[in-house]
Amino acid sequence: VQRFFQRLLSLFRGERADAEVTREIAAHLALLEDEYRRRGMTPDEARLAARRALGSVAHAKDLHRDARSFIWLEDFHQDVKHAVRGLRDAPGFAVVAVLTVALGVGANIAIFGLVYQTLLRPLPFARPSELVKIATDLPQVADRFDSVPVTAPDFLEFRRSNTVFSGLAALAARDFNLTGSGEPERLHGARVSADLFSILGVRPERGRHFVAGEDEEGRDAVVIISHALWQRRFGSDPAIVNRTILLDGRPHAIVGVMPADLLFPVGRQFDRYITFGPRVDIWEPMAFTKAEREGEGDFNYGVIGRLKSDVSMAAARLQMDVLTERNLERIKKLAPADFKMFTRVTALHDVFTRESRRGLLFLEAAVGLLLLIACVNLANLLMARASNRDVEFAVRAALGAGRRRLVRQVLTESLVVTSLGGAFGVAFAAWTGPVLLAYGPSSAAAREWKLAAPMLAFAAMMTVTTALLSGLGPALRAGAVRARLRSGSRAVTGGLRQTLIAVEVALCTALLAVAGLLLHSFVNVTSVDAGFGIERMLAVDLSLPTREYTSARTEIFYGDLIARVRAQPGVDAVGAISLLPIAHEGVISTVLLDTDTQLRIDRPSAFRRSVTPGLFAAMQIPLRAGRTFADQEPAPVAIISEGLANSLWPGAALSSVVGRGIRRDPGDPVMRVVGIVGDVRADALDRDPHVTLYHPLGQDVRNGMTIVVRTKRDPLAAVSAVRAAVSDLDPDLPIAAIRTMRDVVSASLAERRFQMSLVTLLALLALVLAVVGIYGVTSYTVTRRTREIGLRVALGAQQGDVLRSVLVEGLRPVFVGLVLGVVGGQIGAQWIRAALFGIDPLDPAALGGVAGVLLLTATLACYLPARRAALVEPLTALRSE
Amino acid sequence: MADRVELLQGTLDLIVLRALSTMGPQHAYGLAARLEQVAEHPLMLNQGTLYPALVRLEQKGWIKGAWQRTESNREAKYYSISKAGTRALEKQAERWRRLAGLVDKLLLNEL
């Protein structure tokens, strides 16, 4: 300690100390010169000889300075050189150890990159922490809608009266038919307040933002397009700004192009009840129509606000509460007496991370386990290596290396291994990261994967942690070499190694168990009964421009199209439905009995879909009672799903429900129920079936419909016929999407598949590491016991006995680990309970399978060394060592 | 040059302590001259190598340096062994004897 302080002091007194040394060396030289002169040299000769004897003056000073300063840097350099040499001498060990670390660290960086890009990175907007999302809470329907968007009148009131936001913008989804030059095309787009982009703080790469006033009716025939659309559709035309295009038949001027890296919500990312396209290519100013401005109860608009820089989120909430009270006052006479409404203000950041947070954190934990397993393996390897080096350590200790020095040397060696592994890991991650992001959850897909500084810092941290975790045991062991030699005992590490194996197997089993549960869930989801037939079905999305297509024309168009497609060979049945289950979220309405005289929020809510008569046959939705729609339905009628019938009239026989009356609003005409069909899984395959109310198309005309074509064989064979039929009827009409139902279902399972495959992959990697670990330890034990085994064989032990004893010893920690791991897997399973489908966490198939796989591979890993042991020749064995 | 003995780390300290305890206070040059005189082989490449050992020992408080005049009236820094130094010398010498024995044992018997 004293020396330490002396050195510290000398850091500050460096100059004075240097002067002192100079003086001392000068004195030394003077004395040497005197001596040489006395021996008869000339003064010049004497000075030269003195210098030679002392060595270079500068070198002497350097030596002096080294001794004064921290010597550990020098030692570290030496240790690293030594470690590198050691690794070169043991290439087998080096390769296995470095690969183990590369795998563990690489997987961690790749997943951390995903987490970082998705959850941690600030949004690519100006001062992102000021941005908020505003939504509405309706506590009375909280069980059905956890929060809903905002109505236009409420939004306008918020914008007019608030003093906490520097800007408030509304956004809604809006798709367009682009016609004119080239193929007609369906574009995914959005309506946004004119100042949305300036509130976000993003600039167009060409042209300009919308300006104030462009979000008024009549002045809104301007659009901003995405970089991708500009490139793809307009060939990166440099003169794109001010070019006029036809959208839904109306001319619009392009005023700007947004940059390629713009982050804009896709799908249902922003709000469950606002569905943007899978990418957004075009923006139109939000010019509210008179009907929209007055649309009380139409919770349709997403709202983004920017807090003033000196206003806290809490202060904003307080003021929004006040303004919401005022809004409630305004709609008092329209709403039920006990109607309640609150406004929710959340950070915009949460909007982009909400969906994927849980899944990603789970992956992060899983990959962390993988790294732990890698650490255990590395510790085992280092330990085996260290125990072969007792002699080396003993010599070093004898030559004056202190205990601390030995510990540090082994730690350095482990740091060299993990640094090499970490470097490979970073390369591995840089290669796999972009792939992960591409297949990852859609909320992450908008961002790119690149090695950011925080990720490199994370990698460095992982590397050092790995080095410490795995190197500490072997290092302490090396440090104790002197005590061990003194007591004359051989290294006893058997217990520690067995423990490490048990830990490793436990971690691996836990991962495998979770993977097994996810895998089984995935199988369950894909084989679940959707309530309709998924195979041999083509789904064609169309959207007729409202300007040209009146209700009557729309009905005629779809009727004609269906007739044409049905006439094609290979087509079994054709129908049309607004909002295809699984692909599109439905419109939800409360369904009232014909006897209800006012809105009752305790009545069931159902998806509403308009269909053509042939739809049920085309989708293979079974009819439970009554009839399907006829071509002409003069009176208001409806078909309801089984679940809706049961909740409207609990206990009533389905056949008795036919003919009863329902309506959507006390003022609406009563609809007669003519038929009851099965429920379908409308949200997603892994969500419970949702009850549905079907209207005949003629009684609730929608311009956007999905044509459902049931084919005899491959549905893709019908694609060209469908395209031809559409363009025959209207050459300007784009087909928004055309794909098989199988693809729709597959896309809806993308996130689940991603999680399942990634966890399975990690679990398999863990299994490989664990098997390598088990094999390594058993094999090492056999080598050390060769003499003993030879003796036993010489004394009459049979090959079977030897085999059994090695197997039992090798598998004992495996069993312990297996039991612990199943328990650990249960804890993990609780975490992802929401992802389990059709099984409980104690699923015997998954757990049994996992235990089987693990035992089988572990037995194999032990069997190979055990066989080697059984074949030991007593004579060779006794001569060994 | 082939018969030059490379000093093991730690041994130089021991030699310096030993010299100071038997000869009394010495300056660096005097120590170097003494070591060259005692050794049957040339011990060191040059006398500058002494300095790290001197600094180390001084930092440990085992020796003390003070500026004095030599007989030839030149100035020089004289080092003398402290009480702690004397104690350390005894311990180090004992340790060295033990380890030397161990090295012998290892080199002869176990490699």
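The lining of the largest cavity in this predicted model comprises six nonpolar, four polar and two charged residues. Rolling a probe the size of a water molecule over the atoms shows where empty space is left. The residues that line the largest cavity are Gln498(A), Ile501(A), Ile774(A), Val777(A), Thr778(A), Thr781(A), Val782(A), Arg785(A), Val806(A), Glu809(A), Gly810(A) and Pro813(A). Three elements of chain A, namely helix H18 (494–526), helix H25 (750–784) and helix H27 (799–831), each give two or more residues to this lining. The greatest contribution, five residues, is that of H25(A).

The second largest cavity holds about 50 Å³ of space, and residues of chain A and of chain B line it. From chain A, the lining includes Glu24(A), Ala27(A), His28(A) and Leu31(A). From chain B, the lining residues are His27(B), Ala28(B), Tyr29(B), Tyr51(B), Ala76(B), Lys77(B) and Tyr79(B). At least two residues each are supplied by helix H2 (14–38) of chain A and by helix H2 (28–38) and strand E3 (75–81) of chain B. With four residues, H2(A) provides the largest share. By class, the lining of the second largest cavity consists of seven nonpolar, two polar and two charged residues.

Chain B itself contains four helices and three strands, which follow one another along the sequence in the pattern α-β-α-α-β-β-α. Of its 111 residues, 41% count as buried. Among contacts in chain B with a separation of 6 or more, 50% are made by residues 24 or more positions apart. Pro25(B) is located in the loop that lies between helix H1 (11–23) and strand E1 (26–27) of chain B. Its relative accessibility is 48%, and Pro25(B) therefore counts as partly exposed, since the exposed class begins over 50%. Beyond its neighbours within four places in sequence, Pro25(B) is in contact with Tyr78(B), Tyr79(B) and Ser80(B). One of these residues, Tyr79(B), also lines the second largest cavity. Between Pro25(B) and Glu90(B) there are 65 residues of separation in sequence and 18 Å in space, taken from C-alpha to C-alpha.

In chain A, Arg608(A) belongs to strand E17, which spans residues 605–611. The relative accessibility of Arg608(A) is 8%, so this residue counts as buried, the limit being under 20%. Apart from residues up to four places away in sequence, Arg608(A) touches Leu579(A), Val587(A), Ser589(A), Arg664(A), Leu693(A), His695(A), Asp700(A) and Arg702(A).

Burial was also examined along a helix of chain A. In helix H13, which covers residues 390–398, the buried residues include Asp390(A), Phe393(A), Ala394(A), Ala397(A) and Ala398(A). These residues lie on the same side of H13(A), because they cover an arc of only 135° around the axis. An α-helix has 3.6 residues a turn, so residues three or four places apart point the same way.

Note on methods. Residues are numbered from 1 along each chain as its sequence is written. Chains are lettered from A and ligands numbered from 1 in the order in which they are written. This is a predicted model: local features need pLDDT of at least 70, side-chain atom pairs count only at pLDDT 80 or more; totals for chains, interfaces and linings use all residues. Side-chain values use heavy atoms; hydrogens and water are left out. Buried means under 20% relative accessible area, exposed over 50%, partly exposed in between (1.4 Å probe, protein chains only). Contact means heavy atoms within 4.5 Å. On a 1 Å grid over the protein atoms alone, a cavity is a set of points where a 1.4 Å probe fits but cannot get out, and a pocket is an open set with protein on both sides within 12 Å along at least five of seven lines; lining residues have an atom within 4 Å of a point. Ala, Val, Leu, Ile, Met, Phe, Trp, Tyr, Cys and Pro count as nonpolar, Asp, Glu, Lys and Arg as charged, and the others, Gly among them, as polar. Grid points are joined across faces, edges and corners, and a volume is the space filled by probe spheres set on the points. The arc is that of the directions from the helix axis to the C-beta atoms.
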